[in-house]
Amino acid sequence: ATDGSWSAPIFFKIKNDGTGFSKLFELGYGSRLTADLLLGSDKNFYMAYDEVGIIKVTPSGSMSKIFAHPHPGDHPRIKKIIEMNGGRLAAVTRHGGSAGLTGAMNYGTIFSIEKDGTDYRDVFEFLSTEVTTPVDMIQSMDGWIYVLSEYGGINKKGLIYKVRPDGSSFTKVREFDGEDGENPNGILFRKFAQSFTFDPMP
């Protein structure tokens, strides 16, 4: 998918060699995509569309909105959607998502849902700017969820941390200080090797 014009992102398919371009449809919600497309194990695509929510697209091109955030007043913006080891979808928001229910100051949340959009569960709420501005998220084979914060950490130079799927055991993995890199924007992860690297911004 591309953003096309500001108000009309385009969903298309193309062969590996660049041929066979076929435009499937344009989205018409009046905003833009905020996270990468996710191809689920059920062969459907999932995408986050600004503050609209999560949209499912079937291989035939049928589109449906499966999830609208329960706290829209926070203006949560989903930055990443992943499929967890058990099949549920998990998403991380850059802003808001808790309505301050647990004292969070609308810095963002991690939540999970079923693939039909039901059974919303809060996983982890950001309680300070130290862990906010997420740009990437993955889950390892051992179940840990890793989140990359572009401007997180005490030095605001970037932070990677991990939490359990139930939101417990928050652990800092790497905190950047500017000498070893700053403002990372992606995680490269190989599940079989249990390793990851950081991709700092130029």
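Helices (H or I, at least four residues) and strands (E, at least two) are DSSP runs, numbered from the N terminus. This is a predicted model, in which local features need pLDDT of at least 70, side-chain atom pairs count only at pLDDT 80 or more, and totals for chains, interfaces and linings use all residues. Residues are numbered from 1 along each chain as its sequence is written, and side-chain values use heavy atoms, with hydrogens and water left out.

Lys 115 lies in the loop between strand 10 and strand 11. Buried means under 20% relative accessible area, exposed over 50%, and partly exposed in between (1.4 Å probe, protein chains only). Lys 115 counts as buried because its relative accessibility is 16%. With contact taken as heavy atoms within 4.5 Å, and leaving aside neighbours within four places in sequence, Lys 115 is in contact with Ser 41, Asp 42, Tyr 46, Lys 56, Ile 66, Glu 83, Gly 87 and Leu 89. Between Lys 115 and Phe 67 the C-alpha to C-alpha distance is 9.3 Å, for a separation of 48 residues in sequence.

Asp 119 is found in the loop between strand 10 (109-113) and strand 11 (121-125). Its phi is near 60 degrees, a positive value in a residue other than glycine. Lys 43 has a positive phi of about 75 degrees and is not a glycine either. Most residues other than glycine have a negative phi. Lys 43 is placed in the loop between strand 4 (38-39) and strand 5 (45-49). At a relative accessible area of 58% Lys 43 is exposed, while Asp 119, at 37%, is partly exposed.

The next topic is the aromatic rings. Rings of Phe, Tyr and Trp (its six-membered ring) pair if their centres lie within 6.5 Å; planes under 30 degrees apart count as stacked, over 60 as edge-to-face and the rest as tilted. By this rule there are eight aromatic pairs. Phe 111 and Tyr 120 make a tilted pair, because their planes stand at 35 degrees, with ring centres 5.3 Å apart. Phe 111 is buried, with a relative accessible area of 1%, whereas Tyr 120 is partly exposed at 25%. Phe 124 and Phe 170 form a stacked pair, 5.6 Å centre to centre with 5 degrees between the planes. This pair links distant parts of the chain, 46 residues apart: Phe 124 is in strand 11, and Phe 170 is in the loop between strand 14 (159-163) and strand 15 (171-175). Phe 124 is buried at 15%, and Phe 170 is partly exposed at 35%.

A charge sits over a ring if NZ of Lys or CZ of Arg is within 6 Å of the ring centre and within 35 degrees of the ring normal. The charged end of Lys 162 sits over the ring of Trp 144, 4.2 Å from its centre.
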